[in-house]
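Thanks for coming, everyone. Let me put the structure up, and then we'll go through a few strands and loops.

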Amino acid sequence: MFERDADTWTTLATAPGAGYQVWPGDDGFYLNPHFGPSVQGGFYEPNLGKWSGFPEPPESDSWRDDMAGVLRAQDATYEYASGWVRDTTADQWIEIPERPSPTGEGESLTNSGRRLVVYGGQDWTGGEGRLLNGVWVWTPPSADG
């Protein structure tokens, strides 16, 4: 962890399992398991200086052993345009549904506050490619519940 005021790095305790990305939540940091059920991921609580197990994933056929992102009170981090995100304010999982008639691949993702914004992508038919210019916005439930 980089401590900006001291301009130094501090080594944290070893995570309970491997993972792929670390994303901030309102209450700590989430280590995305990403590579399947044998990779546990984890949760780091900076105020306590310790790791704990990854939150129990949703019991759903659509859970793909990979977080789609993390929702915080005022903003979010997204990796995928659909899937399960951890709402750290409500301490629950929320599913981002598939877009109606998703097309192409390689779209760009960002957030606007807690909203997910998905733009463009590309579509290949045979050897011909074309860039897409559609924009979609998914609005999660309110952070206030």
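Start with R86: its bridge partner in β10 is W93. Keep in mind that this is a predicted model. That pair belongs to β9, residues 83-87, and β10, residues 92-96, which run antiparallel and share five bridges.

Now the turn of that hairpin. Four residues sit between the strands. D91 is in this loop. Its phi is positive, about 55°, and D91 is not a glycine. Is D91 buried or exposed? Exposed, because its relative accessibility is 52% and the cut-off for exposed is over 50%.

There is a second case. D65 also is not a glycine, and its phi is positive at about 60°. Where does D65 lie? In the loop between β6, residues 50-52, and β7, residues 69-71. D65 has a relative accessible area of 24%, so it counts as partly exposed.

Next, the open sheet. Three strands, in the order β11-β12-β13, with antiparallel pairing. Which strands stand at the edges? β11, residues 108-112, and β13, residues 128-138. Each has a single partner strand, so one side of each has no neighbour in the sheet. On average, neighbouring strands here are turned by 15° against each other, direction ignored.

Zoom in on one pairing. β11 meets β12, residues 115-125, over five bridges, antiparallel. Within it, T110 stands opposite V117 of β12.

That's my tour. Questions, please.

How values were computed
Residues numbered from 1 in each chain as written. Predicted model: local features only at pLDDT ≥ 70, side-chain atom pairs only at ≥ 80, totals over all residues. Heavy atoms only, no water. Pairing = 2+ DSSP bridges. Helix = DSSP H or I, 4+ residues; strand = E, 2+ residues; numbered from the N terminus. Buried < 20%, exposed > 50% of the residue type's maximum accessible area, 1.4 Å probe, protein only. Axes fitted to C-alpha atoms, helices over the stretch in contact; angles between N-to-C directions.
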